[in-house]
Amino acid sequence: VSVTCGNAPTTSVDVAYDNLNSSAANWSLQSPWAWAAGVGYGGSAALQMPVGVTGGSGNGGNWLATFLPSVSLANRFGCRLEFYYSMSAASPNCLYVEINSSRIWTLCGVNSTGNVSTHLTAFEGVSSNSLAFRCVDANVSGGGSITCMVDELKVTCQQ
């Protein structure tokens with residue numbers, strides 16, 4: 001526990017940012033994830049696992065879109081992860097956000113689009129964090145044709 005008083009306000013710094021407008025160069029995409037034009041926020045480019053690729057018997061599974069540079073939160077505090085997403089899925093299919101292979105955000109079985117802003121408190125002070133989005137078609141027998149889209153990734157911390 002630390003209690004301080006009278007310190008100057010801290011400054012905010014973007015630790016990671018990718019609007020995906022020009023490429024997915026900062027990502028390792030497990031097929032069928034791909035960089036796609038016109039599917040993201042405001043019609044911009046984004047990462048997408050398109051509808052139809054998991055339909056059919058035996059096509060269930062899960063696929064990762066991993067941010068390639070490790071996310072260093074060393075000497076940082078008050079960190080937040082923000083991103084824009086869209087998912088179309090029947091139960092039990094899901095979109096997850098993982099840091100260091102731990103789920104920190106989950107959306108399952110719904111059609112939803114929106115912005116997410118969540119704290120990364122548990123990972124502060126760690127210099128090499130892996131960040132990934134996982135799109136899961138849990139219907140192994142029939143495939144549920146889940147669609148996942150991610151755009152406007154940003155990690156902001158205080159320093």
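Good morning, colleagues. The model is a predicted one, in which local features need pLDDT of at least 70 and side-chain atom pairs count only at pLDDT 80 or more, while totals for chains, interfaces and linings use all residues. Residues are numbered from 1 along each chain as its sequence is written, and side-chain values use heavy atoms, with hydrogens and water left out.

I begin with the disulfides. In general terms, a disulfide is a covalent bond between the sulfur atoms of two cysteines. Here the term is applied to a pair of cysteine sulfur atoms within 2.5 Å, and by this rule the count comes to 3 disulfides. Counting the bonded cysteines along the chain, the pattern is 1-6, 2-3, 4-5.

Let me take Cys-79 and Cys-157. Their disulfide has an S to S distance of 2.1 Å, and it is right-handed, with 115° about the S-S bond. Cys-79 lies in strand β6 (residues 77–88) and Cys-157 in strand β11 (residues 147–158), so this pair ties together parts that are 78 residues apart in sequence. A word on these names: helices (H or I, at least four residues) and strands (E, at least two) are DSSP runs, numbered from the N terminus. Are these two cysteines buried or exposed? Buried means under 20% relative accessible area, exposed over 50%, and partly exposed in between, with a 1.4 Å probe and protein chains only. Cys-79 counts as buried because its relative accessibility is 0%, and Cys-157 is likewise buried at 0%.

The next disulfide joins Cys-94 to Cys-108, with 1.9 Å from S to S. The torsion about its S-S bond is about 110°, so this disulfide is right-handed. The pair links distant parts of the chain, with Cys-94 in strand β7 (residues 94–99) and Cys-108 in strand β8 (residues 102–108), 14 residues apart. Cys-94 counts as buried at 4% relative accessibility, whereas Cys-108, at 36%, counts as partly exposed.

Cys-135 and Cys-148 also form a disulfide, their sulfur atoms 1.9 Å apart. This link is right-handed, with 80° about the S-S bond. Cys-135 sits in strand β10 (residues 129–137) and Cys-148 in strand β11, 13 residues apart. Cys-135 is buried at 0% relative accessibility, and Cys-148 is buried with a relative accessible area of 0%.

I turn now to the sheet. Strands of a sheet pair through backbone hydrogen bonds, either parallel or antiparallel. For this model, two strands pair if DSSP finds at least two bridges between them. In which order do the 5 strands of the open sheet stand? The order is β2-β5-β10-β7-β8, and the pairing is antiparallel. At the edges are β2 (27–29) and β8, each of which pairs on one side only.

Strand β5 (residues 61–71) pairs with β10 over 8 bridges, in the antiparallel sense. Within this pairing, Phe-67 has Leu-131 as its bridge partner in β10, and Thr-66 stands opposite Ala-132. Strands β2 and β5 also run antiparallel and are joined by 3 bridges; there, Leu-29 stands opposite Ala-65 in β5.

On a 1 Å grid over the protein atoms alone, a cavity is a set of points where a 1.4 Å probe fits but cannot get out, and lining residues have an atom within 4 Å of a point. Points are joined across faces, edges and corners, and a volume is the space filled by probe spheres set on them. The count is 1 cavity of 30 Å³ or more, and the largest cavity holds about 30 Å³ of space. Its lining consists of Val-71, Leu-73, Ile-99, Leu-120, Asn-129, Ser-130, Leu-131 and Val-155. Strand β10 gives the most to this lining, with 3 residues.

Finally, the backbone. Most residues other than glycine have a negative phi, and most peptide bonds are trans. Ser-31 and Pro-32 are joined by a cis peptide bond, with omega about 20°, and Pro-32 lies in the loop between β2 and β3 (34–36). Asn-75 has a positive phi, near 60°. Asn-75 is placed in the loop between β5 and β6 and counts as exposed at 71% relative accessibility. Glu-152 also has a positive phi, near 55°; its place is in strand β11, and at 24% relative accessibility Glu-152 counts as partly exposed.

Thank you for your attention.

Key. On a 1 Å grid over the protein atoms alone, a cavity is a set of points where a 1.4 Å probe fits but cannot get out, and a pocket is an open set with protein on both sides within 12 Å along at least five of seven lines; lining residues have an atom within 4 Å of a point.
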